[in-house]
Amino acid sequence: MKQFEVNFDGLVGPTHNYAGLSFGNVASLNNANAVSSPKEAAKQGLAKMKALSDMGMMQGVLAPQERPDIAALRRLGFTGSDARVLESAAKQSREIFLACCSASSMWTANAATVSPSADTADGRVHFTPANLTNKFHRSLEPQVTGRILKGTFANDKHFAHHTHLPDNDHFGDEGAANHTRLCSDYGHAGIELFVYGRHAFDPSKPAPTKYPARQTLEACQAVARLHGLSDESVVYIQQNPDVIDQGVFHNDVIAVGNQNVLFFHQQAFFDTQRVLDEVQAKYGDSPLHFIEVPTNEVSVQDAVKTYLFNTQIITLPSGEMTIIAPTDCQENDAVKRYLDKLVTLGTPIKSVNYFDVKQSMRNGGGPACLRLRVAMNDQELAALNQATLINDTQFARLNAWVDKHYRDQLSEDDLRDPQLLIESRTALDELTQLLKIGSVYPFQQG
């Protein structure tokens with residue numbers, strides 16, 4: 001059977017905005033309340049998807065969440081018509097209102113953790129939506145995320161879907177942003193790396209002091225159990241508490257892996273040598289490339305500012321690896337100098353491709369934040385919802401859909417406009433038909 005890694009990118013929603021909601025995410029806080037461009041953001045994301053498809057990669061798309069989240073506002077006691085709910089929430093509690101308008105579902109790396117069939121006990125691809133309990137605005141996502149994933153991967157013979165973990169900080173789970181997989185080939189059994197920030201039940205263990213550790217060891221262990229992973233194929237790694245306090249809110253801001261490459265910053269992990277020794281021991285004797293970026297070449301601050309590690313490392317049909325990086329990396333002297341050097345070091349990474357995703361970067365997410373990786377064989381690929389795959393026809397349809405429904409600019413005042421809600425629901429209802437994912441949104445279900 002043929003093997004693929006399919007990148008499913010999150011489509012930026014029609015209410016894309018900057019609300020500065022994410023404490024611990026430096027870029028998000030720095031750009032709070034700036035005017036956003038939903039149309040430009042969606043088109044930047046689609047352009048990246050189409051470019052990867054043109055490189056010969058399998059590329060998919062996942063639908064955004066409905067925002068403003070009227071159902072959540074009603075749960076919090078705001079009543080009356082939809083327009084009245086928006087008006088009273090914006091007037092009485094700006095913070096709650098903005099949280100329920102969050103654009104954060106665009107970062108699909110937080111949507112779920114995925115384990116391919118080569119690793120799981122029952123030979124199916126397993127999905128567990130992230131509960132995202134650390135941030136209220138993100139904790140609104142898991143149920144709809146689960147429906148979108150079920151509409152995309154709808155064949156029970158090949159795909160297994162789990163309910164998100166209990167909604168409690170003890171099991172804080174941020175999805176694939178704290179998970180990566182190493183393997184010799186996508187279809188072969190691999191090593192799954194679960195990165196956590198703290199021990200939920202043992203406060204004596206190391207933990208950050210300034211910013212929250214969003215992922216717990218206990219959540220990682222629970223997902224591994226749900227997915228039927230063996231102890232021999234899992235490594236639990238603690239993120240360095242000091243880098244969390246420097247604004248590294250997820251592991252994918254400081255490390256990224258692909259096949260036999262682990263690309264990481266010198267300060268990424270707690271007890272780094274022990275971690276690398278365990279990874280190598282469980283990976284086996286085949287070649288494994290640890291690419292460690294020294295602090296004296298790229299500071300943590302520059303890594304966070306440019307999202308050097310929130311890049312995608314992909315394996316092209318030629319077998320060579322390339323990095324998909326934001327143009328912010330190209331514009332930073334130290335980072336650009338390091339990437340120019342990296343492609344000469346004799347590792348599998350031979351080139352770098354730069355993409356403008358500034359609308360996402362300003363909200364605190366780079367190219368890797370925008371995608372969920374799903375390793376599949378050809379039977380599994382054939383079994384998924386084909387309307388969610390990017391090709392020339394679907395790319396054109398989605399671009400036309402964006403042109404039809406999206407506003408050029410959006411400010412905080414626009415978010416309380418009842419007409420925006422109507423526009424957004426009209427757009428999303430049409431999108432579910434384009435992607436053939438069924439009725440996934442509360443407004444579609446009555």
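# Cavities, cores and cysteines in a predicted model

User: How many cavities of 30 Å³ or more does the structure hold?

Analyst: The structure, a predicted model, holds nine cavities of 30 Å³ or more. Local features need pLDDT of at least 70 and side-chain atom pairs count only at pLDDT 80 or more, while totals for chains, interfaces and linings use all residues. Residues are numbered from 1 along each chain as its sequence is written, and side-chain values use heavy atoms, with hydrogens and water left out.

User: What makes a space a cavity, and what makes it a pocket?

Analyst: On a 1 Å grid over the protein atoms alone, a cavity is a set of points where a 1.4 Å probe fits but cannot get out. A pocket is an open set with protein on both sides within 12 Å along at least five of seven lines. Lining residues have an atom within 4 Å of a point. Grid points are joined across faces, edges and corners, and the volume is the space filled by probe spheres set on the points.

User: What is the volume of the largest cavity, and which residues are closest to its centre?

Analyst: Its volume is about 190 Å³. The lining has 15 residues, and Glu5, Val114, His179, Arg181 and Arg373 are the closest to the centre. Strand 15 gives the most to this lining, with four residues. Strands here are DSSP runs of E, at least two residues, and helices are runs of H or I, at least four, numbered from the N terminus.

User: How much space lies in the largest pocket, and which helix gives the most to its lining?

Analyst: The largest pocket holds about 510 Å³. Helix 7 gives the most to its lining, with four residues. Of the 21 lining residues, Asp69, Arg75, Ser139, Leu140 and Gln143 lie nearest the centre.

User: Why is Cys100 called buried?

Analyst: Buried means under 20% relative accessible area, exposed over 50%, and partly exposed in between (1.4 Å probe, protein chains only). Cys100 has 0%, so it is buried. Cys220, also at 0%, counts as buried.

User: How do you know that the UniProt "active site" residues gather at one spot?

Analyst: The unreviewed UniProt entry lists Glu174, His250 and Cys369. They span 196 residues in sequence, yet no two of their C-alpha atoms are more than 11.4 Å apart, so they gather at one spot. UniProt annotations may be inferred rather than shown by experiment. Glu174 sits in the loop between strand 5 (159–161) and strand 6 (179–182), and at 2% relative accessibility it is buried. Its contacts (heavy atoms within 4.5 Å) beyond four places in sequence include Arg214, Gln215 and His250. Cys369 is in the loop between helix 14 (358–361) and strand 15 (371–377), and is buried at 2%.

User: What makes a set of residues a nonpolar core, and which residues have the most contacts inside the largest one?

Analyst: A nonpolar core is a set of buried Ala, Val, Leu, Ile, Met, Phe, Trp, Tyr and Cys residues joined through side-chain atoms within 4.5 Å. The largest has 72 residues, with the most contacts made by Phe8, Phe153 and Met376. A second, separate core of 19 residues includes Ile291 and Met321.
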